[in-house]
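Hi,

Here is the structure I promised to pass on.

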Amino acid sequence: MSIFEYNGSALVAMVGKNCFAIASDRRLGVQLQTIATDFQRISKIHDRVFLGLSGLATDAQTLYQRLVFRHKLYQLREERDMKPETFANLVSALLYEKRFGPYFCQPVIAGLGDEDKPFICTMDSIGAKELAKDFVVAGTASESLYGACESMFKEDMEPEELFETVSQALLSSVDRDCLSGWGGHVYVVTPTEVKERILKGRMD
Amino acid sequence: MGDSQYSFSLTTFSPSGKLVQIEHALTAVGSGQTSLGIKAANGVVIATEKKLPSILVDETSVQKIQCLTPNIGVVYSGMGPDFRVLVRKSRKQAEQYHRLYKEPIPVTQLVRETAAVMQEFTQSGGVRPFGVSLLVAGYDDNGPQLYQVDPSGSYFSWKASAMGKNVSNAKTFLEKR
């Protein structure tokens with residue numbers, strides 16, 4: 001079994017009209033055994049940048065702590081928040097530092113950049129960035145997520161419709177993956193507010 | 001910095017609480033060629049005297065004003081070779097920042113890091129302080145900025161400033177205008 005499939009995860013981020021949504025599943029497993037059904041995969045870096053980390057949970061936690069550390073120092077030194085593009089570059093650089101002993105994580109970064117333009121990207125475990133204009137996916141359920149997002153995505157969705165689309169794509173994809181599921185955690189971020197919602201799906 | 005025989009700093013406090021080496025460095029700066037900078041509403045101007053020791057010197061080989069990044073430049077008063085070393089270090093720091101964040105380095109950050117280097121040389125083993133004061137002129141998201149960095153590592157933001165020979169006359173002129 002691959003190390004990336006040890007804990008199980010599903011992550012998706014989608015772009016809407018002046019907003020974005022980032023969603024994850026809630027299962028934490030140790031191979032076939034489920035040990036938590038409320039695991040947080042998505043974290044806020046600051047009001048306009050969110051980070052989701054799929055893959056090995058211990059690496060996800062450590063990488064998150066390192067990134068928060070770097071961002072806090074940046075905020076203190078430069079007296080401003082990091083732009084999402086800048087943050088993505090930082091994550092990429094940190095991952096590549098460990099090129100020959102990598103973090104077994106696939107990050108998904110979503111944020112609002114200058115002029116409230118939504119920004120999403122994902123990268124592999126050694127920092128190869130992949131920018132997208134519509135959606136990015138990561139985790140053990142990524143193949144199903146690709147299919148679901150591709151068919152359900154529309155350009156310029158308003159926040160409410162975006163929430164529906166992301167939720168449906170996530171729940172239907174994790175149902176086809178035994179290692180992810182047990183509900184969903186969706187953040188819909190607009191320039192004025194952040195709406196966090198918990199989804200109830202098939203609890204298996 | 002320095003091998004085990006020079007693990008102590010050469011810059012030490014005098015009984016009156018001054019770092020004499022830094023005072024001497026400032027004297028070296030004060031006898032260097034004049035340089036000055038003025039911050040305008042939409043940019044910064046820096047200038048320096050380029051007086052060469054003989055007419056035989058190839059003036060194109062002497063560069064007293066250098067670019068640190070496409071939008072930050074620097075001029076100095078004091079020892080030319082020390083300036084070259086600082087320019088090299090600052091350029092590397094600016095590029096490292098860009099490699100990490102893919103963003104051009106803000107002027108304040110570059111000034112802070114350059115000043116940190118200059119301060120290091122007042123507290124490390126076996127080295128002497130830099131014999132230059134820098135005027136760093138840059139334009140970034142916070143608009144035009146002008147900073148002076150001294151051999152001690154302290155930096156100040158100025159609307160207009162001058163360094164080197166005849167600095168008091170220059171500053172009086174700038175204050176009036």
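In what order do the five strands of the open sheet in chain A that includes β1 run? The order is β10-β1-β2-β11-β12, with antiparallel pairing. (Strands, E, of at least two residues and helices, H or I, of at least four are DSSP runs numbered from the N terminus, and two strands pair if DSSP finds at least two bridges between them.)

Before I go on, some housekeeping: this is a predicted model, where local features need pLDDT of at least 70 and side-chain atom pairs count only at pLDDT 80 or more, while totals for chains, interfaces and linings use all residues. Residues are numbered from 1 along each chain as its sequence is written, chains are lettered from A and ligands numbered from 1 in the order in which they are written, and side-chain values use heavy atoms, with hydrogens and water left out.

β11 (residues 184-189) and β12 of chain A share six bridges in the antiparallel sense, and A:Gly184 has A:Leu199 in β12(A) as its bridge partner. Helix α3 (residues 142-152) of chain A packs on this sheet, where it touches β1 (10-15) and β10, and its direction makes about 160° with that of β10(A). Contact means heavy atoms within 4.5 Å.

Chain A has another open sheet of five strands, also antiparallel, in the order β5-β6-β7-β8-β9. Here β5 and β9 (129-132) are the edge strands, each pairing on one side only. Ignoring direction, neighbouring strands are turned by 25° against each other on average. β8 (residues 118-123) and β9 of chain A pair over four antiparallel bridges, with A:Ile120 opposite A:Ala132. α1(A) lies across β5, β6 (49-55) and β7 (105-112), at about 10° to β5(A).

Now the salt bridges (a side-chain nitrogen of Lys or Arg within 4 Å of a carboxyl oxygen of Asp or Glu). Over all chains there are twelve. In one of them A:Arg41 pairs with A:Asp25, the closest N and O atoms being 2.7 Å apart. A:Arg41 sits in the loop between β4 (33-36) and β5 (42-46) of chain A and A:Asp25 in strand β2 (residues 20-25), so the pair ties together parts 16 residues apart in sequence.

Finally, how much area do chain A and chain B bury between them? About 1000 Å², 40% of it on carbon and sulfur atoms; buried area is the accessible area (1.4 Å probe) that two parts lose on being put together, summed over both. On the chain A side, A:Arg77, A:Glu78 and A:Asn89 lose the most area, together 41% of what that side buries. The contact takes twelve residues from chain A and ten from chain B. Two salt bridges link the chains; A:Arg80 forms one with B:Glu103, with the closest N and O atoms 2.9 Å apart. α1 (57-78) and α2 (84-97) of chain A each supply at least two residues of the side that touches chain B.

Cheers

Technical notes: Axes fitted to C-alpha atoms, helices over the stretch in contact; angles between N-to-C directions.
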